[in-house]
Structure formats: structure tokens, C-alpha cells
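Have the viewer open as you read.

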Amino acid sequence: MKNLVAYITTGFPSLEFTVDAALALAESGVDTLELGMPFSDPVADGPVIEKANLKALQNGFKLSHLFEASAKISPHIDTLWMGYFNPFYHRGMDNFIAEAKKAGVNGFIIPDLPLEEAAPYKPGIEAAGLNLIDFIAPTDSEARIQRIVTQAQKFIYLVAYAGITGSGQSEDLQPIITNIKKYSDTPVYVGFGVDEHTAKEKVQGADGVIVGSAFVKILSDESLSDTQKIAKLSAIAREIKEKINE
């Protein structure tokens, strides 16, 4: 069974909605939830997620809201925090580790923390029984892929193209997936530009997909009520899970 990872922005459009959406996704075939930590300069994210980040911050998002929502969500679904390194640095990685343990969260996805810069933090994260997810980009050499994946935990985040999330570009990922699997048995999940239309193609050779912008677009649709948003999120999650397992 291939896995579906879903990203939603914490506190957008509200904290209560984040919890409701997460629980609905958990019941609709999503295996792992990335709870996004709103940040003012989300460099790897496209306009859809960037706007959601800014709106959540304007609504008064605080890290305590992330911890509060996670404690309600994590008993129901495998939960990771996805955020940029700045908040981890300012609050302190040890504090984040302690809060993650308390909230039942299983690890972190930090797109702007490359392998070399992550090295001082990995031992503490691993000692706490948490995971730090590694990224592979289409531009990585085979030597670099080997270096990254031999240390990989939980799953490897394969970026589907060089660019930002949600821009719908395309690369031939098969040679990269072959290289990864030559050096690691850790599952490979493809992210960036994955939605209900592209999931079946993107998952070829991989073990799962990561979907963000397609879900956040629904959260951003002001023509829908909260109930309608939940119904649409659930329907698309079920459709993607079905397509990647056909």
C-alpha cells in the first residue's frame, strides 16, 4: 500500500478548523499529516501556501497554537511538524524536541536545513525517538544522494522538480528513484506539484506522495463553508489514495 502525506497550514483559516480538517483527513486515507508552522518567508512554498502562512500570522498564530492543535491531532494520525529553520533556531531545538514529545508528534520536516547543517541536531532528535526528514532534489549527484539516504529516517522527501511547491513542473524521477533505492530501503515519497490529477504519474517507482498546495487551495476558497471545505478535502484525499494504489 502506497502512502499519502498531507500538508495543511496550522491556524488557517482558524485553529479549530485545523483540528477538524486533520481529523477528517485521518479518516480519508491520509497516513501522515504535516502540520505547517506559519512563517513570513516560506522559501520553498509557492503562492498558495505562502498566502496561507501570511493569513495565519495575521490571524495571530503563535507556536503555542501549534502545540495545542498537535496534542489533539496526534492520537489520531502520524503527525510531523513542517517548518523553516528560523523558529527552531530562535526557540531552540531542545525546546522543540520537548514540545514534540509532549504533543505526541513524531518528527520534523525543515526544508531549509540541509544535511550538513542538520548534523549537530540529528543526534538529539534521534535520541528522543523523533525523525528529521531528509530531502533529495533532482539536481543532487549520485554521491550526494548516497550520503543523504544512508542516514535517512522514516521516509525520504523527493522533490519532484527544482522550484517551489504547487508550480506543476515535471521531471523524469525514475533515474533518481533508482539511485535512492540502490543505497536505502527507506520509503521514498514524492512531493511538489502533486494533486489528484498528477498523483498516479508521480508515484511511479516511489512509495508514496506528499500533497500540500492542492489541500491548502481548498482551505483558501472563501466561497466554501467550513463543512464544504472538510467534505472536499476528504473527497480529494480519498481520490488521491485510490489513484496511487491502482
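## A buried isoleucine

Let's start with Ile 136, which has 0% relative accessibility and therefore counts as buried, the cut-off being under 20%. Keep in mind that this is a predicted model. Ile 136 belongs to strand β6, which covers residues 134-136.

Who does Ile 136 touch, once its neighbours within four places in sequence are left aside? The list runs to Ile 145, Ile 148, Val 149, Ile 156, Tyr 157, Leu 158, Val 159, Ile 176 and Ile 180. Val 190 sits 54 residues from Ile 136 in sequence, yet the C-alpha to C-alpha distance between Ile 136 and Val 190 is 9.6 Å.

Val 190 takes us to strand β8, residues 188-191. In β8, Val 188 and Val 190 point one way while Tyr 189 and Gly 191 point the other, and all are buried.

What does β8 pair with? Strand β7 (residues 156-159) runs parallel to β8 and is joined to β8 by four bridges. One to look up is Ile 156, whose bridge partner in β8 is Val 188; Ile 156 also turned up among the contacts of Ile 136. Strand β9 (residues 208-211) is parallel to β8 too, with three bridges between them. Here Tyr 189 has Gly 208 as its bridge partner in β9.

## Helices α11 and α12

Now for the helices. α11 (residues 213-220) packs against α12 (residues 226-244) at an angle of about 165°, and their axes are 9 Å apart. Since angles over 145 degrees count as roughly antiparallel, that is how α11 lies relative to α12. The crossing of the two, α11 and α12, is right-handed.

On the α11 side, the contact uses Phe 215, Ile 218 and Leu 219; α12 brings Lys 229, Lys 232, Leu 233, Ile 236, Ala 237 and Ile 240. Sorted by class, the residues of this contact are seven nonpolar and two charged, with no polar ones.

## Helices α3 and α5

Leu 63, Phe 67, Ser 70 and Ala 71 of α3 meet Phe 96, Glu 99 and Ala 103 of α5. That contact of α3 with α5 splits into five nonpolar residues, one polar and one charged.

Technical notes. Residues are numbered from 1 along each chain as its sequence is written. This is a predicted model: local features need pLDDT of at least 70, side-chain atom pairs count only at pLDDT 80 or more; totals for chains, interfaces and linings use all residues. Side-chain values use heavy atoms; hydrogens and water are left out. Buried means under 20% relative accessible area, exposed over 50%, partly exposed in between (1.4 Å probe, protein chains only). Two strands pair if DSSP finds at least two bridges between them. Axes are lines fitted to C-alpha atoms, for helices over the stretch in contact, and angles run from 0 to 180 degrees between N-to-C directions. Angles under 35 degrees count as roughly parallel, over 145 as roughly antiparallel, 65 to 115 as roughly perpendicular and the rest as oblique. A crossing is left-handed if the near helix is turned anticlockwise from the far one by less than a right angle, and right-handed if clockwise. Contact means heavy atoms within 4.5 Å. Ala, Val, Leu, Ile, Met, Phe, Trp, Tyr, Cys and Pro count as nonpolar, Asp, Glu, Lys and Arg as charged, and the others, Gly among them, as polar.
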